[in-house]
Amino acid sequence: MARVGKLTAVGAGVVGLGTLVASYAMDDDQHTKRQFARVVASEGLYARPTKPLPTREEQMKNLRLEQFDVLVIGGGATGTGCALDSVTRGLKTALVELDDFSSGTSSRSTKLLHGGVRYLQKAIMGLDYEQYRMVKEALHERANLLDIAPHLSYPLPIMLPVYKWWQLPYFWFGIKMYDFVAGKECVKSSYAISKEKALELFPMLKKDRLVGAIVYFDGQHNDSRMNISIALSAT
Ligand SMILES: Cc1cc2nc3c(=O)[nH]c(=O)nc-3n(C[C@H](O)[C@H](O)[C@H](O)COP(=O)(O)OP(=O)(O)OC[C@H]3O[C@@H](n4cnc5c(N)ncnc54)[C@H](O)[C@@H]3O)c2cc1C
């Protein structure tokens with residue numbers, strides 16, 4: 001029974017490693033596709049809009065008189081994302097918002113563009129491929145947004161203070177896995193720093209038993225402006 005358990009664990013490890021290697025190789029192809037999409041998207045980028053925006057009265061009238069394929073309710077990240085997706089599929093789309101764009105959660109988030117270090121930990125510990133795919137996709141979107149919206153997003157260094165010796169290699173390995181899964185889309189390689197350096201950067205840290213720190217990188221963005229940009233892209 002123990003032998004079967006060991007074999008299963010080794011098998012899962014090999015499958016996991018194979019997946020990581022395959023996804024690493026696919027990064028190149030995705031990068032080329034993204035570059036191509038940017039060139040296509042930039043065509044006509046500098047053409048100024050000539051038509052004035054419709055007034056509120058005109059919009060209300062259109063909603064009553066015209067027929068739409070899709071009606072999106074809510075102008076938060078979900079709603080504007082759905083509207084953009086719908087419009088790019090050629091569907092005639094209307095969006096109604098109770099208050100204002102980004103007036104809900106979409107202006108109150110932590111504003112991180114992240115794959116989720118904790119989600120990756122869950123994926124590895126639970127050998128959960130779906131969770132892994134979600135992290136991989138989110139890391140790809142992180143790179144995508146940093147790439148296409150540099151005016152709204154930026155790389156964010158995050159420091160994890162470590163208070164137990166065994167946690168230093170444990171966190172270091174976990175964060176290195178996070179970098180590895182991001183592959184070529186890694187924002188910047190993570191690294192460990194000494195207790196002295198950590199205290200120099202954050203003098204208010206609790207000094208007692210501090211061992212050192214790990215620094216890794218994610219992205220952060222202006223969530224409400226990003227949402228407005230997506231809404232405008234859908235028009
Ligand atoms: C504390 C916190 C931190 C988070 N941090 C992050 C993060 O760091 N990174 C990340 O990617 N995600 C983060 N999230 C998740 C993210 O913010 C949400 O998933 C996202 O904002 C949800 O957008 P939404 O459009 O579904 O909801 P909302 O932004 O709340 O939008 C709903 C909209 O619907 C409108 N509405 C409601 N009822 C009606 C109606 N009857 N008719 C018309 N309009 C209506 C509201 O006015 C509102 O504008 C965080 C979430 C929370 C709560």
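Which residue places a backbone N or O atom 3.0 Å from a nitrogen atom of the ligand? In this model, which is a predicted one, that residue is Thr110, and the atom concerned belongs to its backbone. With Ser106 we turn to a side chain, where an N or O atom is 2.5 Å from an oxygen atom of the ligand. As for how much of the ligand is covered, its exposed area when taken alone is 1,000 Å², and the protein buries 55% of that.

If we now widen the view to the shell around the ligand, we count 17 residues, of which Thr78, Glu97, Thr105, Ser106 and Leu112 come nearest. Sorted by class, this shell has 5 nonpolar, 9 polar and 3 charged residues.

Helix α3, residues 77-88, packs with helix α8, residues 223-233, at an angle of about 25 degrees, and their axes are 8 Å apart. Angles under 35 degrees count as roughly parallel, and α3 and α8 are therefore roughly parallel to each other, while the crossing that α3 makes in passing α8 is left-handed.

In the second pair, helix α5, residues 129-148, packs with helix α6, residues 167-182, at about 70 degrees, with 9 Å between their axes. These two helices, α5 and α6, are therefore roughly perpendicular to each other, and α5 passes α6 in a right-handed crossing.

Terms used:
Residues are numbered from 1 along each chain as its sequence is written. This is a predicted model: local features need pLDDT of at least 70, side-chain atom pairs count only at pLDDT 80 or more; totals for chains, interfaces and linings use all residues. Side-chain values use heavy atoms; hydrogens and water are left out. A residue is near a molecule or strand if one of its heavy atoms lies within 4 Å of it. A polar contact is a pair of N or O atoms within 3.5 Å; within protein, one must be able to donate a hydrogen and the other to accept it, and residues adjacent in sequence count only if both atoms are side-chain atoms. Accessible areas come from the Shrake-Rupley method with a 1.4 Å probe; for residues, only the protein chains shown count as cover. Ala, Val, Leu, Ile, Met, Phe, Trp, Tyr, Cys and Pro count as nonpolar, Asp, Glu, Lys and Arg as charged, and the others, Gly among them, as polar. Axes are lines fitted to C-alpha atoms, for helices over the stretch in contact, and angles run from 0 to 180 degrees between N-to-C directions. Helices (H or I, at least four residues) and strands (E, at least two) are DSSP runs, numbered from the N terminus. Angles under 35 degrees count as roughly parallel, over 145 as roughly antiparallel, 65 to 115 as roughly perpendicular and the rest as oblique. A crossing is left-handed if the near helix is turned anticlockwise from the far one by less than a right angle, and right-handed if clockwise.
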